[in-house]
Amino acid sequence: MDSTEKTAAQKLAERKERLRNLHKLRQEARTHNHQEVIAEDARKKLPNNWEARKRQADWLLADEKAREEAKAEGQDYDRLKLLEVSAIDAEKIEKKKKKQNPDLGFSTFEAQTARQYNRLVKNMPARDMAKYEKQKAELGEAFYGCPNTIIHGLVKDTPSAINNMVKDLEQQIDRRKKYSRRRIYNDDADVDFINERNSKFNKKLERFYGEHTAEIKQNLERGTAI
């Protein structure tokens with residue numbers, strides 16, 4: 001009888017232990033799910049290109065670190081990078097750069113502004129890495145710029161940065177003085193002129209009277225004009 005009662009007590013204790021373990025697992029799953037929901041909500045609030053910007057920042061850090069190591073060893077980092085690229089790959093990269101960023105001259109003010117912005121960002125090196133890490137730690141998530149982040153007042157421009165901006169603006173002014181608009185010549189276009197002056201005159205006529213004479217021009221080309 002005692003043996004039977006002891007066995008029943010042991011079974012009850014085992015069941016209680018299993019129940020406690022199930023409660024513990026349920027609590028852990030609930031905590032884990034809550035953390036995942038918070039992380040997913042934070043990811044949704046980030047800008048669409050946040051991952052790409054973060055990868056670019058990490059690449060800049062790694063590139064700057066490798067450059068510093070090469071400099072400490074007395075080696076030319078740019079030369080070391082070129083040694084790892086074959087001539088065929090270098091030619092492909094150069095063609096790809098020209099294709100992605102062709103200089104077609106002035107088209108619109110929006111395109112000109114975007115082109116200038118990309119040029120300034122591309123030429124902006126990550127020099128002071130200690131300052132970079134310090135600013136990254138101070139700003140936290142605002143360092144990468146979320147949709148609702150207010151950057152104004154968080155960062156103070158240094159005198160050297162202001163001088164660099166002034167220098168770049170002066171260079172832009174000098175370039176504008178020497179710049180003349182490059183017009184694109186289409187090899188596949190119909191030749192309806194005998195010289196450059198006649199070409200400009202025909203374009204002016206087309207600009208003012210093209211829509212009114214389109215039907216007459218088509219009839220002449222088809223040979224059905226009356």
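Buried means under 20% relative accessible area, exposed means over 50%, and partly exposed is what lies in between, using a 1.4 Å probe and protein chains only. By that scale K81, at 34% relative accessibility, counts as partly exposed. The model is predicted, so local features need pLDDT of at least 70 and side-chain atom pairs count only at pLDDT 80 or more, while totals for chains, interfaces and linings use all residues. Residues are numbered from 1 along each chain as its sequence is written, and side-chain values use heavy atoms, with hydrogens and water left out.

**Whole chain**

Read from the N terminus on, the order of elements is α-α-α-α-α-α-α-α-α. Of the 226 residues, 9% count as buried.

**Stop 1: helix 1**

Select E17 and R20 and show their side chains. They meet in a salt bridge at 2.6 Å, N to O. A salt bridge here is a side-chain nitrogen of Lys or Arg within 4 Å of a carboxyl oxygen of Asp or Glu. E17 and R20 are 3 residues apart in helix 1 (residues 2–45), so about one helical turn separates them. E17 is partly exposed, with 38% relative accessibility. The structure holds 5 salt bridges.

**Stop 2: the network around D63**

Next select D63, R67, D78 and K81, which are linked in a network of salt bridges. Take R67 and D63 to begin with: their closest N and O atoms are 4.0 Å apart. Both belong to helix 2, and because they are 4 residues apart there, about one helical turn lies between them. Is D63 buried or exposed? At 12% relative accessibility, D63 counts as buried. R67 has a relative accessible area of 29% and is partly exposed.

Now turn to K81, which also forms a salt bridge with D63, the closest N and O atoms being 3.5 Å apart. K81 lies in helix 3 (residues 77–83) and D63 in helix 2, so this pair ties together parts that are 18 residues apart in sequence.

**Stop 3: helix 2 against helix 6**

Two packed helices are described by the angle between their axes and the distance between the axes. Select helix 2 (residues 50–72) together with helix 6 (residues 129–139); their axes come within 12 Å and cross at roughly 150°. That angle makes helix 2 roughly antiparallel to helix 6. Axes are lines fitted to C-alpha atoms, for helices over the stretch in contact, and angles run from 0 to 180 degrees between N-to-C directions. Angles under 35 degrees count as roughly parallel, over 145 as roughly antiparallel, 65 to 115 as roughly perpendicular, and the rest as oblique. The crossing of helix 2 and helix 6 is left-handed: the near helix is turned anticlockwise from the far one by less than a right angle, whereas clockwise would be right-handed.

Stay on helix 6 and pick Q135, which is found there. Q135 is partly exposed, with a relative accessible area of 25%.

**Stop 4: helix 5 and helix 7**

Select helix 5 (residues 109–122) and helix 7. Their axes come within 14 Å and cross at roughly 135°, and the two helices are therefore oblique to each other. This crossing is right-handed.

**Stop 5: a nonpolar patch**

Finish with a surface view of I162, M165, V166 and L169. Together they make a nonpolar surface patch of about 340 Å². Patches are made of residues with over 30% relative accessible area and no salt bridge, like charges being joined within 9 Å and nonpolar side chains (Val, Leu, Ile, Met, Phe, Trp, Tyr) within 5 Å. Accessible areas come from the Shrake-Rupley method with a 1.4 Å probe; for residues, only the protein chains shown count as cover. V166 lies in helix 7 (residues 159–178) and, at 37% relative accessibility, counts as partly exposed.
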